[in-house]
Amino acid sequence: MLDNIAILVAAPQFNVQLLLDGLFIGAIFALAAYGLALVWGVMNVKNLAQGEFVIMGGYIAFGLEKVGIHPILSLIPTIIIMFAFGWLLYVLIIRWIIQHDMFTSLLATFGIGLVIQQALNLMFGPEIQTLNSGLEIRYIMDGMVTVSEIKIVSFVLCCILALIVVLFMKRSRMGQAIRATSQDARAAKVMGIDTERVYAFTFALNAAICGAAGVLISMIWLIQPFYGITHSIRSFVIVTAAGFGNLPGVIAAAFGLGFAEQYSGFVLGAEFQQATVVGLLIVILVWRQMQMARSRQVVK
Amino acid sequence: MKKETMLQLGILIFGVIAPMLIPSLSFQISILWLMILFALTWDMMGGQMGYNSLGNIAFFGFGMYICAGVQVGLYYDLAEYTSPFTTINATFTPDQYYTGLFLGIIAAAVGCVFIALILSTFLFGLRGPYFAIGTLGVALAAGELIGAWEYIGAGSGISIPVHPGEAGEKTQLFYYLTLFAMIGTFLFVKWLYGTRWGLAMNAIRDDEEKAEAMGIHTYRYKSMTWAFSAFFLGISGALFGNMTGFIEPLEVAFPTVTFGIFMVAMALLGGKGTLWGPVLGATLFHVVKEVTWTYLLGWQWVALGLLIVLNVVFFQEGIMGWMARKWPERFGLSVDSHMSRSKQSEEAS
């Protein structure tokens with residue numbers, strides 16, 4: 001462990017590599033986490049199947065590649081398929097858990113995640129997959145740092161998608177309805193907003209965002225049917241650290257998580273990468289709770 | 001005799017004679033006893049105290065590893081025993097085996113109590129769904145960290161000392177140990193719910209702030225109740241590790257997505273917050289699972305996930321809750337017929 005830190009100090013190029021990778025991967029984490037914050041904030045449903053949606057998006061791109069569609073182009077059909085899937089899931093299950101307590105939503109979405117990962121495992125097999133985008137790998141800084149072009153492409157796509165979603169939420173009629181519902185569902189209903197449809201749209205939008213993130217993940221990283229839970233935990237880490245409705249916070253936390261993961265993977269070893277994510281979750285939950293406990297004491 | 005006493009006696013008699021009647025199923029039935037134990041210990045926290053934990057399975061894994069560590073560590077160097085590079089000829093005489101097993105189970109139970117007390121210092125600050133996510137995180141982190149710890153075999157696990165007798169004897173021994181552990185848990189839980197402690201737990205579930213205002217030391221009750229459930233889960237882990245004979249961190253010791261979620265599903269299926277609900281739910285769940293498992297041709301996990309979702313979403317009151325609603329008099333709940341009628345017409349309108 002100390003040796004690895006010594007390497008980082010002696011050869012600063014590795015830092016550049018880790019920071020770049022953290023940036024590229026963190027952008028995708030931000031996308032999935034924004035979806036979670038949306039559903040959490042608007043519907044008060046904590047979606048533990050978030051990571052499974054991401055992985056499912058990746059596998060849709062994987063399936064489309066087999067019929068000859070380039071992974072980058074498969075972004076659009078994946079978004080459409082995942083949107084429809086999210087809507088269906090809302091009508092079948094999520095609709096019934098909104099009025100229940102929050103633990104129900106956790107457990108039910110955990111069950112949904114279980115179904116998705118097992119179904120993916122049966123359909124595509126348990127092997128680790130990655131999609132070849134056909135783009136080249138560039139070397140910078142005397143070949144010490146590798147940057148594959150696909151990572152840059154995915155970063156740009158990520159930014160475009162985020163921009164579209166933000167503009168949609170700000171400008172469009174539906175986006176305004178979603179924001180109104182999240183502020184006060186009852187008042188929104190009185191004002192003539194079909195909140196049921198808003199909820200369905202929100203959940204479907206979340207699934208579509210996750211699907212897009214999954215396509216990008218499948219190109220620059222790895223997908224496997226059982227990797228979903230770590231993605232869910234990542235989204236939870238980011239959202240609990242940033243709080244929902246706080247877009248800059250979500251982006252900052254996502255990049256922070258990306259850097260933290262890259263560094264822990266390098267310093268402690270790859271087997272500790274997942275443990276880092278989960279450890280961060282516990283640390284952030286406890287830290288958040290300490291803050292809340294302080295405000296509780298003021299009330300007393 | 002009261003009906004409940006008869007039911008308990010019936011289960012006890014079935015438990016004792018089952019391995020003689022149907023010896024081929026005794027492994028399956030001992031898993032059933034463990035499942036009942038899981039559901040009961042989860043319900044202590046989730047049903048009676050309102051702290052829904054998704055990570056109680058961590059104690060199962062800790063118990064398993066502590067027991068294995070004691071069983072091997074008493075006679076051999078654990079690092080050498082688990083190392084993939086050196087092979088030592090490890091044999092255990094019957095004396096060594098039984099001493100190791102006995103001490104291992106005790107160490108597993110006591111160790112888990114301590115781990116629960118340590119974890120509760122920071123986890124019980126979390127409320128509601130945050131507690132569920134936090135405990136889930138603990139269970140996942142435990143699996144990952146133990147999987148990276150070379151001293152206890154990392155990802156390749158530990159092989160448990162082999163039972164010195166014949167194969168049938170081992171199954172029988174662990175059958176009775178699991179039965180004993182289950183009955184012990186049931187009697188403890190039954191006794192606990194009848195005491196002041198049980199009332200305090202229910203008070204915490206119903207309104208924690210008010211309970212605190214009434215002078216109930218909530219933190220002490222919460223952490224000790226978690227420690228009780230960890231005690232029994234530790235024993236169950238120690239037994240299960242010995243039954244399978246080989247333990248490794250992700251699939252056997254910390255099965256968060258299988259046993260970890262089953263225990264919640266079983267308690268909910270039977271009806272949480274009741275004494276018999278978890279027993280009923282676990283029995284039904286395990287029997288249905290074992291009977292239909294082979295017919296579903298690989299889709300059994302999907303079916304199981306769907307079952308959990310349907311159970312949670314549409315049948316949350318559970319069997320006991322449904323029965324209590326249907327026949328309230330049998331559960332000692334008095335119903336004012338006038339009020340219930342007016343309420344029904346209210347709901348209908």
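Predicted model: local features only at pLDDT ≥ 70, side-chain atom pairs only at ≥ 80, totals over all residues.

Author: Helix α2 (residues 26-46) of chain B packs against helix α7 (residues 167-193) of chain B at an angle of about 25°, and their axes are 9 Å apart. Angles under 35 degrees count as roughly parallel, so α2(B) and α7(B) are roughly parallel to each other. As for handedness, α2(B) passes α7(B) in a left-handed crossing.

Now zoom in on the residues. On the α2(B) side, the ones that meet α7(B) include B:F27, B:I29, B:W33, B:L37 and B:M44. Across from them, α7(B) brings in residues including B:F174, B:Y175, B:L179, B:M182 and B:V189. Sort everything in this contact by class and you get 15 nonpolar, seven polar and no charged residues.

Here's another pair from chain B to hold up beside that one. α12(B) and α14(B) pack at an angle of about 45°, with axes 10 Å apart. That makes α12(B) oblique to α14(B). Their crossing is left-handed. From α12(B), B:I261, B:A265, B:L268 and B:L269 make the contact, and α14(B) answers with B:I308, B:N311 and B:V312. By class, that's six nonpolar residues, one polar and no charged.

α12(B) and α14(B) also turn up where the chains touch. In all, 33 residues of chain B are in contact with 34 residues of chain A. On the chain B side, the elements giving two or more residues are α6 (128-147), α12 (259-270) and α14 (300-314). α6(B) gives the most, with 13 residues. That side of chain B has 23 nonpolar, nine polar and one charged residues.

Last stop: the inside. In soluble globular proteins, nonpolar side chains tend to be buried together. Here the largest nonpolar core has 194 residues, and A:L31, A:A33, A:I238, A:V250 and B:M266 touch the most other members. Helix α9 (residues 195-220) of chain A gives the most to this core, with 18 residues. Take A:I238 as an example: leaving out residues up to four places away in sequence, A:I238 touches A:F29, A:A33, A:V250, A:A253, A:A254 and A:L257.

Technical notes
Residues numbered from 1 in each chain as written. Chains lettered and ligands numbered in written order. Contact = placed C-beta atoms within 7 Å. Helix = DSSP H or I, 4+ residues; strand = E, 2+ residues; numbered from the N terminus. Nonpolar A, V, L, I, M, F, W, Y, C, P; charged D, E, K, R; others polar. Axes fitted to C-alpha atoms, helices over the stretch in contact; angles between N-to-C directions. Parallel < 35°, antiparallel > 145°, perpendicular 65-115°, else oblique. Left-handed = near helix turned anticlockwise from the far one by under 90°. Core = buried A, V, L, I, M, F, W, Y, C linked by C-beta atoms within 7 Å. Buried ≥ 20, exposed ≤ 12 C-beta atoms within 10 Å, placed from the backbone.
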